[in-house]
Amino acid sequence: MDKKGLGKVINENASKFIELAKNKEILVVSHFDTDGITSASIMIKSLKKLQKKFSVKIVKSLDEKFIQELPKDRLIIFLDSASGCLNYINNAKLKDVFIIDHHLVSQEVPENVNIINPQLIDGQKISAAGLTYLFCKSFDETNKEFAKLAVLGMIGDMMEKEINKLNHNIVNDSEIVKKRGLLIYPSTRPLNRTLEYSSNPFIPGVTGNSDGVLELLREAGLSPENGNYKSLIELNDEEMTRLTTAILLRSPKAKHEGIIGDIFLLKFFNKLEDARELSATINACSRLGETGAALKFCLEISNAKKEAESIYVKYKQHIISGLKYVSETPEKFEGKGFVIINGKNKLKDTMAGTIASILSNSSLYEPGTIIITMAYYDDKIKVSARNVGRTGRNVREILSEIIEKIGGEVGGHEFAAGCIVSQEKENEFINSIKKALELEVIKI
Ligand SMILES: [Mn+2]
């Protein structure tokens, strides 16, 4: 490939896409996470403006069968996906394919595939929603109005803490209001509610504990006015500092820099909302299998707000009860540098990974600690593994070695991986993982 800049690759692909779309129906395939859903929403809104005929599929992951069965007569555009499936696309004999993605490209790009992926260009960090936005803006400048969706995608993929020039320009296009402060969301709602449901960050003794919340607020010298607590964005500098100090006292391993940053506020359904909250709402809908609701919410279709919000409430309750279970269960083994929580049928399998992530982002454990959660589903066990602070041993490798011996499937990468084993192998798995994790410590 010759060395073209990302901007040029985007512009060239966009004109080619518009040309091919003249007499072909379009199929949009996108990933089910916040970045994928916002990418699809930007594309849907842009195609509607062009009065194009199209359909949309949202997927959790792509496999060979799915790609094999895609209609051959459509112009297919993959968003936030497909970079790892180039061989399948080649084998499926699809005609015109476009890919807008930022995941790793592991195979050669087939000739009929037009791909926009910074990994093939200059490695700039940008969400798929950001790329989709630039793509759609390149054929219609007025698509600038969708910049806020690109920002939600960026936040969904957790890229908002170090914003590079490319993303900075997208934020500027979006009319988003930035405010410096505590990164607890939603920053727009009464603090007592926000703190009670805060799982990112998880605050020991406060998250999921309404008495703990009131105690913390009292310590910070904050009291309700006319029965209501202020929201985070209504606090003055001094109140913000007092609250930050009170939270840091609860989580001694947390760092000041980690919990302070930019709060992003944007208009959604005509109300000023916290972008992190919107992103979490979209994520919750998808995680609970309601991708349609997630998409309608992003498209700001009336009724969709109520629906998405009620799914989100349910999701938060699952998280809080999962965290409660984890803190109380006797089925928890704490070794040196690792924790194994066996949720059996008490922890929902769809929440096991989320709970492991929350614990790994919390200040409950030292960086490098490995968190393993297990949950039953059907006759199998879903295992999730995370490293606290995204540092330390390669959990994917550790799981792979065990699975090789006892059978099952592994996925993920070095700091976030998972596997599936049969329930018959429960004890064998636990013994093997304990042995492997204890052994690793000795090696160091
Ligand atoms: Mn993504």
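**Reading the model step by step**

Reply: Helices (H or I, at least four residues) and strands (E, at least two) are DSSP runs, numbered from the N terminus. Keep in mind that this is a predicted model, where local features need pLDDT of at least 70, side-chain atom pairs count only at pLDDT 80 or more, and totals for chains, interfaces and linings use all residues. Residues are numbered from 1 along each chain as its sequence is written.

Me: Is serine 187 buried or exposed?

Reply: The general idea is to count neighbours: a residue is buried if 20 or more other C-beta atoms lie within 10 Å of its own, exposed if 12 or fewer, and partly exposed in between, with C-beta atoms placed from the backbone. Serine 187 has 24 C-beta neighbours inside 10 Å, so it counts as buried.

Me: Which residues is serine 187 in contact with, leaving aside its neighbours within four places in sequence?

Reply: Two residues are in contact if their C-beta atoms, placed from the backbone, lie within 7 Å. With those sequence neighbours left aside, serine 187 is in contact with Gly181, Ser231, Leu232, Ile233, Ile263 and Asp274. For a distance of another kind, take glutamate 366: it is 179 residues apart from serine 187 along the chain, and their C-alpha atoms are separated by 28 Å.

Me: How many bridges join β7 and β8?

Reply: Four bridges link strand β7 (residues 260-268) to β8 in the antiparallel sense. Leucine 265 stands opposite aspartate 274 in β8.

Me: What about the open sheet of five strands: what is its order?

Reply: That one runs β2-β1-β3-β4-β5, with parallel pairing. Here β2 and β5 (113-116) are at the edges, each with a single partner strand, so one side of each has no neighbour in the sheet. The twist averages 15 degrees from one strand to the next. Strand β3 (residues 75-79) and strand β4 (residues 96-100) pair in the parallel sense over five bridges, with leucine 79 opposite isoleucine 100 in β4. Helix α1 (residues 6-20) packs on the sheet too, touching β3, β4 and β5, at about 140 degrees to the direction of β5.

Me: Which residues of α13 are buried?

Reply: Helix α13 (residues 291-298) is mostly covered, with six of its eight residues buried. They are Thr291, Ala293, Ala294, Leu295, Phe297 and Cys298. These buried residues pack against α2 (34-49), β2 (54-59), α6 (147-156), α12 and α14. After α13 comes glutamate 300, whose phi is positive, near 55 degrees.

Me: And which members of the largest nonpolar core touch the most others?

Reply: In soluble globular proteins, nonpolar side chains tend to be buried together. A nonpolar core is a set of buried Ala, Val, Leu, Ile, Met, Phe, Trp, Tyr and Cys residues joined through C-beta atoms within 7 Å. The largest one here has 117 residues, and Ile77, Ala150, Val151 and Ile372 touch the most other members.

Me: Last one: how is the chain divided into domains?

Reply: Domain bounds come from an automatic or database domain assignment, and the chain is divided into domain 1 (6-174), domain 2 (178-323) and domain 3 (330-443). The C-alpha centres of domain 2 and domain 3 lie 28 Å apart, and 13 residues of domain 2 are in contact with 11 residues of domain 3. Helix α14 (residues 304-328) gives the most to the side of domain 2 that touches domain 3, with four residues.

Definitions and conventions. Two strands pair if DSSP finds at least two bridges between them. Axes are lines fitted to C-alpha atoms, for helices over the stretch in contact, and angles run from 0 to 180 degrees between N-to-C directions.
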